[in-house]
Amino acid sequence: MSSLGDVFRILDEMRHAGVVDDYAIGGATAILFYAEPTRTYDLDVFVSLTRQGSRLSPLSGIYEWARTKGFSTIGEHILIHDVPVQFLPAHNALVADAIAEANVLDYEGARVRVINPEYLIALALQAGGARRRERAWQLLESGVVDRERLRRLLEQHEIDAEVPDDV
Amino acid sequence: MSEERFDRAAAQRTFDRKLKWHREQAALPLKEKVRILLQLQKQDLPLIERLRPLEPWERPWPIEP
């Protein structure tokens, strides 16, 4: 049976093969690295791309590469070792910075790029939605967030949100 | 101590216990957290299915941590 580490190894392979310029895990799977587990059924991977795909279909290079590797798709998700992975292009400056400044971490011997906690919160607040706000709160509660860095990020990207000190 | 003050103190203790539990969960080894995630996926799916139709990709990951 495959492991989550095998999935992470494929993501890194994709980067080395030049299919993506860079990538970073976001969403609930990224939160696992910093806070308590939260349920998700897919793995969000933000990617920066310069050469692949077209303007209308920026992710087409990733789908093509996945097909050659024998990974099937369900809708927008690519099944990497049967884990549904959703690739999301860097669609604004905050996402691009989050990918560039991701932490390089180790999971069971697999190298994995993970968006750092301050960017995860900023992305959640920028995207909005109750579930994302709940996850942002979880990260704040976990005690791993540099609140001053987060405040600077929110200001820089014009995200209107208060960062409490007593959580 | 008034009843109101007692309740406030009890609420604070509950809040502190919850915060401690969340921090303990956050501090678990990563592989253990992935194991919990895989368990949550199995546990929550029937509950979600009762509330709304599932997306085709919404299913427990058939992997090990």
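Student: Where is the place of A:E158 in chain A?

Tutor: In this predicted model, A:E158 lies in the segment after helix 7 of chain A.

Student: What is phi near in A:D82, a residue other than glycine?

Tutor: The phi of A:D82 is near 70°, which is again a positive value. This residue sits in the loop between strand 4 (77–80) and strand 5 (83–89) of chain A.

Student: How many C-beta neighbours does A:D82 have inside 10 Å, and how is it classed?

Tutor: A residue is called buried at 20 or more such neighbours, exposed at 12 or fewer, and partly exposed in between. A:D82 has 15 inside 10 Å, so it counts as partly exposed.

Student: Which residues is A:D82 in contact with, leaving aside its neighbours within four places in sequence?

Tutor: They are B:W61, B:P62 and B:I63.

Student: What percentage of the residues in chain A is buried, and what do its contacts show about residues 24 or more positions apart?

Tutor: Buried residues make up 43% of the 167 residues. Among contacts in chain A with a separation of 6 or more, 64% join residues 24 or more positions apart.

Student: What is the corresponding reading for chain B, in helices, strands and radius of gyration?

Tutor: Chain B has 2 helices and 0 strands. Its radius of gyration is 19 Å, whereas a compact globule of 65 residues would have one near 11 Å. The C-alpha trace spans about 55 × 30 × 10 Å along its principal axes, and 8% of the 65 residues are buried.

Student: How many residues does the contact take from chain A and from chain B?

Tutor: In general, the size of an interface is often given as the accessible area lost when the parts come together. Here the description is by residues: the contact takes 24 residues from chain A and 23 residues from chain B. On the side of chain B that touches chain A, the elements giving two or more residues are helix 1 (3–26) and helix 2 (30–51) of chain B. Helix 2 of chain B gives the most, with 9 residues. By class, that side of chain B divides into 13 nonpolar, 3 polar and 7 charged residues.

Student: At roughly what angle do the axes of helix 5 and helix 6 of chain A cross?

Tutor: An angle over 145 degrees between N-to-C directions counts as roughly antiparallel. The axes of helix 5 (residues 117–127) and helix 6 (residues 130–142) of chain A come within 8 Å and cross at roughly 155°. The two helices are therefore roughly antiparallel to each other, and their crossing is left-handed. Among the residues that meet are A:L120 and A:A124 in helix 5 of chain A and A:A136 and A:L139 in helix 6 of chain A. This contact has 8 nonpolar, no polar and 3 charged residues.

Student: How does helix 5 of chain A pack with helix 7 of chain A, in angle and in distance between axes?

Tutor: Helix 5 and helix 7 (residues 147–156) of chain A pack at about 40°, with axes 9 Å apart. They are therefore oblique to each other, and the crossing is right-handed. In helix 5 of chain A, A:E118, A:Y119, A:I121 and A:A122 meet A:R149, A:L150, A:L153 and A:L154 in helix 7 of chain A. By class, there are 6 nonpolar, no polar and 2 charged residues in this contact.

Terms used. Residues numbered from 1 in each chain as written. Chains lettered and ligands numbered in written order. Predicted model: local features only at pLDDT ≥ 70, side-chain atom pairs only at ≥ 80, totals over all residues. Contact = placed C-beta atoms within 7 Å. Helix = DSSP H or I, 4+ residues; strand = E, 2+ residues; numbered from the N terminus. Nonpolar A, V, L, I, M, F, W, Y, C, P; charged D, E, K, R; others polar. Axes fitted to C-alpha atoms, helices over the stretch in contact; angles between N-to-C directions. Parallel < 35°, antiparallel > 145°, perpendicular 65-115°, else oblique. Left-handed = near helix turned anticlockwise from the far one by under 90°. Rg over C-alpha atoms; globule rule 2.2 N^0.38 Å.
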